[in-house]
Amino acid sequence: MPSLKAIRRRITSVKSTGKITRAMKLVATAKLRRAQERLLQMRPYAMRLSEMISELAAGTDPESSPLLATRPPKRTLMLVLTSDRGLAGAYNANVNRAAWSWVQRHKDKRDHIEMRIVGKKGRDYFKSRAVTTGHVYTDVLHNLTQDRATGIGRELVAAYVDGHFDEVFIAYNEFKSAIAQKVQVQRLLPIQPDPWSEEAPAHERPVRPTVDTIFEPSKQDVLQAILPLSIHVHVYRALLESVASEMGARMTAMDAATKNAGELLARITLQYNRARQAIITTELMEITSGSEALKG
Amino acid sequence: MQVTIVTPQGVKFAGEAQSLVAPSVSGDVGVLPGHQPLMAALRTGEAIVTVPGQEPLHLVIDGGYVHVISGDHVSIVTELCEGWHEIDQAAVKTQLDEATNELGGTRDDIASQTWLARKHRVDLATTRLRVVASKP
């Protein structure tokens, strides 16, 4: 039986942990709402853009742009999106594990696989794994801007166009709801037209034109400019999904932690009261037996 | 015809319009109902949407594309879209002066990335001032 003092100390500690987890949950909830808003605002833009690309790519020879052309995959680049901070349940573990298992499955057929990582949690995970890690971007999700996403996207496109890599993949947590995230490993480059087609219900999609479309300045020019843009947007969107997922995962994890702290507190308080009662009983018995002895 | 203007920050305009003028890289493009399908790259400039029974809507557009999907569906996909009420005239004037000064010093290396970025700032500020001036 631990001493009363030890139990009291434990109660205080559990109480303050509960306070911290509750505060973290509230912060995550507020941030989640903001992240969700941004994600929602982004969707129509991403959708229109992918519509344009699928229309453009439909009648185009894939060889006309390096971003569309498929090369035999020898050298692969994988971008993993993780968070800088933990305490978000299985959020980081899931995406890291998915990326790692992808690498395990495909490394035999590739000459070289390089990981680029967003977030300290991914960096720490892959540090001890037998895989080349390239650039690590930190402090991205915390204060995500479109410029930052575009910068990362531009580096990916450059590495691909320069021929350092034959394909580029991205692994991230897709935001399903506050309590559900789904890990996605998607091919970013070469571009497969219409990657998000599942989002637009058939009746909402505009009818494909029957007349030839005019392109200004030219079809080739429009294509050359819009393809890198679509990669930047894809990366930005994946980052936004990651932010929302992180906040959702943290909210759920902290909610569970707060609940556990409450339960634990009830259990130790009971233990404390029992111990206190036991001491009182013992003391009373000592007193009564003492006075009984004096009487005799 | 149905006009939609989308940016990464959300849908900026969606509704019925009589006509649309968009700043394409090769000059302004006017779109009326029944226009042939078109896909044009845009420059930094002013777009004008005419809504029936209202003052024409002047908007700052920063790059992107105009896409006439069919005669009565037009969308503009752009990084930035602002109306006059979103622009602080005094701040933009200062920005324009700064940007113009910076641009003046680098006339030699025209078409370099820095020059283009500076030119872009001047264009953006000029367009913003034009759009503010359109305030009804």
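Below is a short tour, chain by chain, ending at the place where the chains touch.

## First things first

Keep in mind that this is a predicted model. With that said, let's start with the helices of chain A.

## Helices of chain A

Begin with α1(A) and α5(A), whose axes come within 5 Å and cross at roughly 160°. An angle over 145 degrees counts as roughly antiparallel, so α1(A) is roughly antiparallel to α5(A). The crossing of α1(A) and α5(A) is left-handed. What kinds of residues make up the contact of α1(A) with α5(A)? They split into 32 nonpolar, twelve polar and twelve charged.

Helix α5(A) also packs against α4(A), a helix that covers residues 146-161. Here the angle is about 125° and the axes are 8 Å apart, so α4(A) and α5(A) are oblique to each other. The crossing of this pair, α4(A) and α5(A), is right-handed. On the α4(A) side, the residues in contact include Gln146(A), Ala149(A), Ile152(A) and Leu156(A). Across from them, α5(A) brings in residues including Pro228(A), Ile231(A), His232(A) and Tyr236(A). Sorted by type, the residues of the α4(A) and α5(A) contact are nine nonpolar, four polar and one charged.

## Strands of chain A

Now for some strands. In chain A, β1 (residues 75-81) and β4 (residues 167-177) pair in the parallel sense, over five bridges. To find your way, look for Leu77(A), which stands opposite Val168(A) in β4(A).

Strand β4(A) has another partner: nine bridges join β4(A) to β5 (residues 180-189) of chain A, and these two run antiparallel. A handy landmark in this pairing is Ile170(A), which stands opposite Gln186(A) in β5(A). How many residues does the hairpin use to join β4(A) to β5(A)? It uses two residues.

## A stop at Lys107(A)

Lys107(A) sits in the loop between α2 (91-106) and β2 (112-118) of chain A. Is Lys107(A) buried, exposed or partly exposed? Lys107(A) has 14 C-beta neighbours inside 10 Å. Because a residue is buried at 20 or more and exposed at 12 or fewer, Lys107(A) counts as partly exposed. Another thing to look at is Arg75(A): Lys107(A) and Arg75(A) are 32 residues apart along the chain, and their C-alpha atoms are separated by 9.7 Å.

## The sheet of chain B

Over to chain B, where five strands form an open sheet in the order β4-β3-β6-β7-β10, with antiparallel pairing. Which strands are at the edges? Those are β4 (27-31) and β10 (81-82) of chain B, each pairing on one side only.

Inside that order, six bridges join β6 (residues 44-50) of chain B to β7 (residues 57-62) of chain B, and this pair runs antiparallel. To spot the pairing, find Gly45(B), which stands opposite Ile61(B) in β7(B).

## Helices of chain B

Helix α2(B) lies across β6 and β7 of chain B and runs at about 30° to β6(B). Helix α2(B), residues 113-133, also packs against α1(B), residues 89-104, at an angle of about 150°, with axes 9 Å apart. That angle makes α1(B) roughly antiparallel to α2(B). The α1(B) and α2(B) crossing is left-handed.

Who meets whom here? Residues of α1(B), among them Val92(B), Leu96(B), Ala99(B) and Leu103(B), meet residues of α2(B), including Val122(B), Ala125(B), Leu129(B) and Val132(B). By type, the residues of this α1(B) and α2(B) contact are eight nonpolar, four polar and five charged.

## Where the chains touch

Finally, the contact between the chains takes 22 residues from chain A and 22 residues from chain B. On the chain A side, α1 (4-58), β6 (214-216) and α5 (219-295) each supply at least two residues. The residues of the side of chain A that touches chain B divide into 16 nonpolar, three polar and three charged.

Strands also pair across the two chains: β6(A) and β5 (residues 38-41) of chain B pair in the parallel sense over three bridges. In that pairing, Phe215(A) has Met39(B) in β5(B) as its bridge partner.

Notes:
Residues are numbered from 1 along each chain as its sequence is written. Chains are lettered from A and ligands numbered from 1 in the order in which they are written. This is a predicted model: local features need pLDDT of at least 70, side-chain atom pairs count only at pLDDT 80 or more; totals for chains, interfaces and linings use all residues. Two residues are in contact if their C-beta atoms, placed from the backbone, lie within 7 Å. Helices (H or I, at least four residues) and strands (E, at least two) are DSSP runs, numbered from the N terminus. Ala, Val, Leu, Ile, Met, Phe, Trp, Tyr, Cys and Pro count as nonpolar, Asp, Glu, Lys and Arg as charged, and the others, Gly among them, as polar. Two strands pair if DSSP finds at least two bridges between them. Axes are lines fitted to C-alpha atoms, for helices over the stretch in contact, and angles run from 0 to 180 degrees between N-to-C directions. Angles under 35 degrees count as roughly parallel, over 145 as roughly antiparallel, 65 to 115 as roughly perpendicular and the rest as oblique. A crossing is left-handed if the near helix is turned anticlockwise from the far one by less than a right angle, and right-handed if clockwise.
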